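Subject: Structure handover

Hello,

I am passing this structure on to you. Please have it open while you read the notes below.

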Amino acid sequence: MIATNRRRFLSLGLGGFLLPLVGCGTPRSVLEERSYVFGTLVDVVAVPTEPAQGAAAMRSVGTGFARMHRDWHAWKPGALATLNAALARGESIATNPSIVDLIRGSTLIHRNSRGLFNPAIGALVGLWGFHDDEMPVGALPAPAQVEALRRQQPTMDDLVLDGVKVASRNRSVQLDFGGYAKGVALDWALDTLEGFGCRDAIVNLGGNLAAMGRRGDRRWRIGIRHPQGEGVVAAVDVEGREAVVTSGSYERYREQEGIRYPHVIDPRTGQPARAVASTTVIHRDAGLADAAATALVVAGPHHWVDVAAAMGITQAMLIDGDGAIQLTPAMHQRLRFAAPEPASITVVSAT
Ligand code: ADP
Ligand code: MG
């Protein structure tokens with residue numbers, strides 16, 4: 001099963017060309033496009049009802065992704081960097097409406113996550129060295145500096161919105177939507193494709209996927225990458241429209257004396273969340289799934305299931321540093337584990 005899954009998984013992104021699709025009904029064409037945005041590989045596969053519409057849809061998605069990448073970048077010059085600079089000066093500023101939407105959406109999610117998903121901690125993320133395209137090297141940040149930022153407790157509730165004007169009651173707020181933006185972009189991409197008449201599509205933003213409809217007479221099958229090894233740990237067949245989002249410590253991290261410091265930071269301690277290898281969330285709302293996957297990494301192996309419930313997530317899985325798997329009953333029903341089955345799988349319910 002692993003081989004089949006991997007083949008299908010990898011078969012996304014063969015470049016921009018048309019493949020004849022033989023399914024039920026009239027054969028149609030599949031459009032595939034691969035690009036590099038959000039610091040990651042992006043694959044869009046769509047089955048347009050009208051080939052001409054399909055090309056326009058793919059162009060529109062590509063342009064939109066590039067715009068979001070520019071406007072929402074946490075450390076390169078752009079609308080978000082301009083906003084962050086103003087907040088640090090204690091000034092209010094009119095920002096891009098799409099950033100206002102990100103603030104509104106993530107403020108609610110931040111509360112439901114009990115503060116574990118917190119896009120206001122951009123300064124901490126930067127201090128740990130993750131505001132860089134390259135893997136950070138060298139000395140870890142000074143504990144006193146980490147503590148100084150942690151103590152200021154920036155949260156989304158410090159922000160004051162007035163139309164597109166944003167101010168902060170706390171100057172330490174620095175917005176970083178790295179744990180959320182890819183999910184929001186996935187939702188937007190599917191909406192856009194749908195608007196162009198594509199009912200069947202799948203989008204992959206660096207291992208975070210959202211899909212709708214089917215691929216011919218089959219469902220879209222998504223493989224969940226194994227955080228500690230090669231290949232996929234499990235596969236899921238998409239039902240209707242949904243996102244399968246994974247947050248892991250295996251892709252972006254720094255290392256010091258054999259210890260890994262991943263890019264997800266616990267706002268309560270200011271330290272990287274180290275107890276989790278990966279979390280996966282399935283939800284119709286890809287933005288929520290993305291934020292929740294990040295929050296569950298912070299929550300850790302003992303509290304994740306309650307945080308998931310508080311966030312309205314029923315389908316979630318966590319793999320800890322030893323490779324032990326925990327998952328919710330609803331997730332257990334959805335997943336098919338690759339052979340040989342992982343040694344430790346525990347189904348857990350919220351208390
Ligand atoms: P990926 O980007 O690999 O899919 P995530 O969705 O978990 O992984 O996002 C991690 C990013 O989220 C970090 O690089 C940082 O920009 C941001 N981040 C780190 N810690 C938090 C946190 N506690 N809450 C919200 N965002 C965070
Ligand atoms: Mg995330």
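In which loop does Arg114 lie? Arg114 lies in the loop between α4 (97–112) and α5 (122–127); helices (H or I, at least four residues) and strands (E, at least two) are DSSP runs, numbered from the N terminus. Arg114 has a positive phi of about 60° although it is not a glycine. At 54% relative accessibility, Arg114 is exposed; buried means under 20% relative accessible area, exposed over 50%, and partly exposed in between, with a 1.4 Å probe and protein chains only.

The model is a predicted one, in which local features need pLDDT of at least 70 and side-chain atom pairs count only at pLDDT 80 or more, while totals for chains, interfaces and linings use all residues. Residues are numbered from 1 along each chain as its sequence is written, chains are lettered from A and ligands numbered from 1 in the order in which they are written, and side-chain values use heavy atoms, with hydrogens and water left out.

The chain as a whole

The secondary structure comes to 10 helices and 20 strands. A compact globule of 351 residues would have a radius of gyration near 20 Å, and the chain agrees with 20 Å; this radius is taken over C-alpha atoms, and the globule rule is 2.2 Å times the number of residues to the power 0.38. The C-alpha trace spans about 65 × 50 × 40 Å along its principal axes. Of the 351 residues in the chain, 51% are buried. Among contacts (heavy atoms within 4.5 Å) between residues at least 6 apart in sequence, 59% join residues at least 24 apart.

The magnesium site

The protein donors of the magnesium ion (ligand 2) are Gly179 (O), Asp290 (O), Asp290 (OD) and Thr294 (OG1), at 1.9 to 2.5 Å from the ion. Gly179 is in the loop between β6 (165–168) and α7 (181–195) and Thr294 is in helix α8 (residues 286–299), so this pair ties together parts that are 115 residues apart in sequence. Donors are N, O and S atoms within 2.8 Å of the metal (3.2 Å for Na, K and Ca); water is not among the atoms, so sites may look incomplete. Along the chain, the donors follow the spacing G-x110-D-x3-T. Gly179 and Thr294 are both buried.

Helix α7 also holds Val184. Not counting residues up to four places away in sequence, Val184 touches Trp72, Leu102 and Gly287. The C-alpha atoms of Val184 and Gly105 are separated by 9.3 Å, and these residues are 79 apart along the chain.

Two open sheets

One open sheet has three strands in the order β11-β12-β19, with antiparallel pairing. At its edges stand β11 (221–225) and β19 (336–337), each with a single partner strand, so one side of each is left without a neighbour in the sheet. Two strands pair if DSSP finds at least two bridges between them. Five bridges join β11 and strand β12 (residues 232–237) in the antiparallel sense. Ile222 has Val236 as its bridge partner in β12, and Gly223 stands opposite Ala235. These two strands form a hairpin with six residues between them, and Gly231 in the turn has a positive phi of about 75°.

The other sheet has the order β4-β6-β5, and its pairing is antiparallel. Its edge strands, β4 (93–94) and β5 (159–162), each pair on one side only. Two bridges join β4 to β6, and Ile93 stands opposite Val166 in β6.

Single residues

Is Thr280 buried or exposed? Thr280 is buried, with a relative accessible area of 0%, and is found in strand β16 (residues 276–283). A polar contact of 3.0 Å joins the side chains of Thr280 and Thr246; such a contact is a pair of N or O atoms within 3.5 Å, and within protein one must be able to donate a hydrogen and the other to accept it, while residues adjacent in sequence count only if both atoms are side-chain atoms. Leaving out residues up to four places away in sequence, Thr280 touches several others, including Ile224, Val244 and Met331.

Gln333 is in helix α10 (residues 329–334) and is exposed at 74% relative accessible area. A cis peptide bond joins Ala339 and Pro340, with omega about -5°. Pro340 is found in the loop between β19 and β20 (345–347).

Regards
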